[in-house]
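These are my notebook entries on one structure, kept in the order in which I looked things up.

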Amino acid sequence: FFREWYEGQGYPRVRGKVRVSESGIHLEVMNHEDEVRHFHVPLDLTWTEQGEAKSQRILLSPGRNELFIHSTSPQDVAVAGLDQVLGIHQVRVQVPR
């Protein structure tokens, strides 16, 4: 990512949502790309599963990303480190009620 940003032009622009279900975590994230944006953005996801802390780094490809992480009743789901991603970003975590 750093090399793409340092040698490239523009900045990353990430928008998406994370949905939590009983069977896992669903991610739908748009990593905008155009003539100057073509970034592979790292995204760190954290959660707890049956009281145990879990985490996974996801490398977002340019364009639309849809992923599913199998997990039994995930809780406290968060996207960590967005403040370290350069540019505009927004990722919401949706928890079923």
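This is a predicted model: local features need pLDDT of at least 70, side-chain atom pairs count only at pLDDT 80 or more; totals for chains, interfaces and linings use all residues.

Entry 1, a loop residue. I looked up His 40 and found that it counts as partly exposed because its relative accessibility is 25%, where buried means under 20% relative accessible area, exposed over 50%, and partly exposed in between (1.4 Å probe, protein chains only). His 40 has its place in the loop between β2 and β3, with strands (E, at least two residues) taken as DSSP runs and numbered from the N terminus. From C-alpha to C-alpha, His 40 and Ser 61 are 4.9 Å apart in space, while in sequence they are 21 residues apart.

Residues are numbered from 1 along each chain as its sequence is written, and side-chain values use heavy atoms, with hydrogens and water left out.

I then turned to strand β3, residues 41-49, which pairs with β4 in the antiparallel sense over nine bridges; two strands pair if DSSP finds at least two bridges between them. Within this pairing I looked up Leu 43, which stands opposite Ile 58 in β4. The open sheet has three strands in the order β4-β3-β6, and its pairing is antiparallel. Its edge strands, β4 (52-60) and β6 (75-80), each pair on one side only. On average, neighbouring strands of this sheet are turned by 20° against each other, direction ignored, the axes being lines fitted to C-alpha atoms and the angles running from 0 to 180 degrees between N-to-C directions.

I also checked Pro 42, which has its place in strand β3 and counts as partly exposed because its relative accessibility is 24%. The C-alpha atoms of Pro 42 and Leu 60 are separated by 6.1 Å, although the two residues are 18 apart along the chain.

How many salt bridges does the structure hold? I found five, a salt bridge being a side-chain nitrogen of Lys or Arg within 4 Å of a carboxyl oxygen of Asp or Glu. The side chain of Glu 28 meets that of Arg 19 at 2.9 Å, N to O, and Arg 19 is partly exposed at 32% relative accessibility. Glu 28 also meets Arg 64 in a salt bridge, at 3.7 Å from N to O. This second pair links distant parts of the chain, with Arg 64 in strand β5 (residues 63-70) and Glu 28 in strand β2 (residues 24-31), 36 residues apart. Arg 64 counts as exposed because its relative accessible area is 54%. A network of salt bridges links Arg 19, Glu 28, Arg 64 and Glu 66.

I recorded a further salt bridge between the side chains of Glu 52 and Lys 54, at 3.9 Å from N to O. Glu 52 is partly exposed at 48% relative accessible area, and Lys 54 is partly exposed at 30%.

Is Asn 65 buried or exposed? Asn 65, which lies in strand β5, is buried, because its relative accessible area is 9%. Its side chain reaches the backbone oxygen of Gly 63 at 3.0 Å. Not counting residues up to four places away in sequence, Asn 65 touches Leu 27, Glu 28, Val 29, Asn 31 and Leu 60, contact meaning heavy atoms within 4.5 Å.

Definitions and conventions:
Helices (H or I, at least four residues) and strands (E, at least two) are DSSP runs, numbered from the N terminus. A polar contact is a pair of N or O atoms within 3.5 Å; within protein, one must be able to donate a hydrogen and the other to accept it, and residues adjacent in sequence count only if both atoms are side-chain atoms.
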